[in-house]
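Please look over the sequence and the model below before reading on.

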Amino acid sequence: MISKDEILHVATLANLKFQPDEVDSFVDQLDKIVNMESKLSSVDTTGIEPTYNMGDTSTVFREDKGIHTQTREQMLENVPETDNNLIKVPTIVDKEDDE
Amino acid sequence: MDYMKETINSLHQKLADKELTAQDLTQQTLDNINAKEDKLNAFITVNDKAVDDAKKIDEKGINGRLSGIPIAIKDNIVTNGIKTTAASKILYNFMPVYSATVLEKLENAGAIDIGKTNLDEFAMGSSTETSHFGTSKNPWDFSRVPGGSSGGSAAAVASGDVVAALGTDTGGSIRQPAAFNGIFGIKPTYGRVSRWGVIAFASSLDQVGVMSKRVEDSAEVLSVIAGHDDHDSTSSEKEVPDYRANLNKDMTGVKIAVPKEFYHEGTHKDVLDNVNKALDAYKKMGATVEEVSLPSLKHAVEVYYVLASSEASSNLQRYDGVRYGYRAKDVKNIKDLFVNSRSEGFGDEVKRRIMLGTFALSAGAYDAYFKKAAQVRTIFINEMSNVLKDYDLIMGPSTTTPAFKIGEKVDDPLAMYMNDILTIPANLAGLPAASVPAGLADGMPVGLQIIGKPFAEQDVFNAAYALQEENKFYEQIPTALKGED
């Protein structure tokens, strides 16, 4: 059983928020899914290595040389707000914090 | 151009003999797509510049079998200068400044990107119903889903819009829609195809593949897009065979394993009847068919939804409204910008997966969910490898039912997830797997799933080709399209 508080905590971790009228249905659905996933606890995994990656995971080396990819202009093409060729974002330190 | 009767080979002949120019072919393809889009909604973006691209091919001359052939691209594969959205509001206006390796390879071979096909948002879904741009329709019955997540690619191929399309497959997203639309679709071995420029969902599972009416056309396209890429360290350096040239329908002595767990109680009887008929056909061709057991299959959906969601929650952290995509208005600080852009930009299913993944990776749950699922994955991989020590191929149904009705499962995520039980195994184990049409159940297509050993795509193609040449399913015209013209 996963509680509403737990879900709200996870939402904070995930940088998501839910409208008051949608929280309950989300909690209900996530609870059912997590419940399904909990059946994994019945499997004996003593001494079994986890598989986190697939394929050949050996490190790939290349010569330490710059490669041309995109220009600054290209990199900024999709930015929603720019100023002087820089990415513009809202205030990082809250104004209230200074007051 | 009526692609129902065409193959890459027949189109190439017409282009090479100058019976047809690449420009004409491309224009006809666009007209054909536009005439059906109201009903199908298979595409998110049609490439307006495709005829210009074809003109360049005509000027250079047709050289190579894909030269001048229009191909559809799933909209989670980035295409330079053509909007790429992953069917999400958060990328509704995203214009890539580079192309995925698979697209570069296709374009180097002269293929024309005809447009970007619809999918479930970020490829998370089995029906295209989670797309921000509306649900695609199944050309066999417009009231049914085309499957997903590569539902737009499947509908485009099945309706004769294109001869082949690219899809991606994380838990069945190529094979399930291929089965639902009566076409062929292959997810290659993990590492066979570069994923550079493919919008990441679950990086230990994602793979790019091909969908087409005919096996030989997917074989041809896969040979072009496969191979090592310096941009993707998981891509294999193994040599890429010419899958089409090596096609061989001789099934004599081929050992086929059928896991009894694939025949679980939830599987529709008509689906099983068609699959059994296909297995009988293989026996007649000289193959042996034996029952085996994959006892951990019952945990596959659990493992998949923990791991895929965890990887997704990590991969989707990058969408924050700062550098590209949807940006929330009226925010008072950067934290609000992140939270509001994500909460307004992602749809419910994507939020659900991010939440599930963030939960499974959180301090209190990591060992019981994420690590546990990764351990059970190891057990499952071992079961699959053990079967493939004694057998050449694993076969069974691709899906538990034929295509379901639009809206039937959309409010029940758990029922939607269970739908993936038969396709998930090949992703968890990184194996090549395809769906090939086996017949019809109540007028809707049924797919036979064929799973091979790592990098044995040729075996999978050959077996699919043998069945195709036996049942000639490609001759069938999707029901809902009949009488349309």
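Predicted model: local features only at pLDDT ≥ 70, side-chain atom pairs only at ≥ 80, totals over all residues.

Residues are numbered from 1 along each chain as its sequence is written, and chains are lettered from A and ligands numbered from 1 in the order in which they are written.

In chain B, eleven strands form an open sheet with mixed pairing, in the order β1-β3-β2-β4-β6-β5-β10-β11-β9-β7-β8; strands (E, at least two residues) and helices (H or I, at least four) are DSSP runs numbered from the N terminus, and two strands pair if DSSP finds at least two bridges between them. Its edges are β1 (43-46) and β8 (288-292) of chain B, each of which pairs on one side only. Within the sheet, β5 (residues 184-187) and β6 (residues 207-212) of chain B are antiparallel and share three bridges, with B:Gly185 standing opposite B:Met211 of β6(B).

In helix α1 (residues 4-13) of chain A, A:Ile7, A:Val10 and A:Ala11 are buried, that is, 20 or more other C-beta atoms lie within 10 Å of their own, whereas 12 or fewer make a residue exposed and counts in between make it partly exposed, with C-beta atoms placed from the backbone. These residues are on the same side of α1(A), because they cover an arc of only 105° around the axis, the arc being that of the directions from the helix axis to the C-beta atoms. The face turned away from that buried side carries the exposed residues A:Asp5 and A:Thr12. After α1(A) comes A:Asn15, with a positive phi near 55°.
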